[in-house]
Amino acid sequence: MSDCQLYLISPLDVTGDFPQRLERALDAGPVAAFQFRVKDVDQHEAARLAEPLQTICAARDVAFIVNDSIALAKRLGADGVHLGQGDGEVAEARDMLGRDAQIGVTCHASRHLAMEAGEQGADYVAFGSFFPSETKASEHRPEPELLNWWQGLFEIPCVAIGGITPENCTPLVEAGADFLAVSSAVWKGDEAEAVRSFARVL
């Protein structure tokens, strides 16, 4: 087995008791990174929601990554940003966030997009959706072999995303995923138990 790590993605609603849930999840097992992903709130509100979560991650040495917004990542002094296709360029993010920032790029099922992202200096590429996802509809459905191909050619880590659960993730780990990005598998139930279940597989 490769050293595959867990990459948690927030639910869209991080209000209410979510900070406590995040603490429970991070304390239940090893988590490499947490992606803050909210939609349809202005940057000021997003920053307000992010700050307690960022503090929780920092206390546990978990990378805090902002989804989609280079500007918000800069405002928060986040550890990095995750860019979808159309959210901005890697070079622009690097200029704004500095060379230590972790910059990830969504590449769907495309070898071409992944190679482009690598050439542009991305720190990781994300492939998916490997399984039907409750979090985000995607018509892209790569095969685990894509991870194999990537690992054989490139040093840059790859993230597998989309409908991943403790029950279905083993082929992705064996194919060479460096990270499993998970959201609903953790947040739709007992987050601590879900993280423990992933930890047992990984």
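A strand here is a DSSP run of type E with at least two residues, and strands are numbered from the N terminus. Please keep in mind that the model is predicted.

Is Asn67 buried or exposed? Buried means under 20% relative accessible area. Asn67 has a relative accessibility of 11%, so Asn67 counts as buried. Its side chain makes a polar contact with the side chain of Asp68, at 3.2 Å. Leaving out residues up to four places away in sequence, Asn67 touches Gln35, Phe36, Arg37, Lys39 and His82.

Glu119 lies in helix α5. Exposed means over 50% relative accessible area, and Glu119 is exposed because its value is 69%. Between Glu119 and Pro171 there are 52 residues in sequence and 27 Å in space, C-alpha to C-alpha.

| Residue | Relative accessible area | State |
|---|---|---|
| Asn67 | 11% | buried |
| Glu119 | 69% | exposed |

**Around helix α5**

Helix α5 spans residues 111-119, and at its start a side-chain oxygen of Ser110 comes to within 3.2 Å of the backbone nitrogen of His112. Just after α5, Gly121 has a positive phi of about 100 degrees.

**The nonpolar cores**

Which residues have the most contacts inside the largest nonpolar core? They are Leu8, Phe34, Phe36, Phe64, Phe127 and Leu180, in a core of 64 residues. Helix α2 (residues 43-59) gives the most to this core, with seven residues. Apart from this core lies another, of 10 residues, including Ile65, Val159, Phe179 and Ala181.

Phe34 shows what such a place looks like up close. Beyond its neighbours within four places in sequence, Phe34 is in contact with a list of residues that includes Leu8, Phe18, Leu22, Leu53, Phe64 and Trp187. Ser10 and Cys57 are also among the contacts of Phe34.

**The largest pocket**

Finally, we come to the open space. The largest pocket has a volume of about 600 Å³. Its lining is made of 38 residues, and Ile9, Ser133, Lys136, Ile161 and Gly162 lie nearest its centre. The elements that give two or more residues to this lining are β1 (5-9), β6 (124-128), β7 (158-161), β8 (179-182) and α8 (184-187). Strand β6 gives the most, with four residues. By type, the lining residues divide into 13 nonpolar, 18 polar and seven charged.

Note on methods:
Residues numbered from 1 in each chain as written. Predicted model: local features only at pLDDT ≥ 70, side-chain atom pairs only at ≥ 80, totals over all residues. Heavy atoms only, no water. Core = buried A, V, L, I, M, F, W, Y, C linked by side-chain atoms within 4.5 Å. Buried < 20%, exposed > 50% of the residue type's maximum accessible area, 1.4 Å probe, protein only. Contact = heavy atoms within 4.5 Å. 1 Å grid on protein atoms, 1.4 Å probe; cavity = no way out; pocket = protein on both sides within 12 Å on 5 of 7 lines; lining within 4 Å. Points joined across faces, edges and corners; volume = space filled by probe spheres on them. Nonpolar A, V, L, I, M, F, W, Y, C, P; charged D, E, K, R; others polar. Polar contact = N/O pair within 3.5 Å; in protein donor to acceptor, adjacent residues only side chain to side chain.
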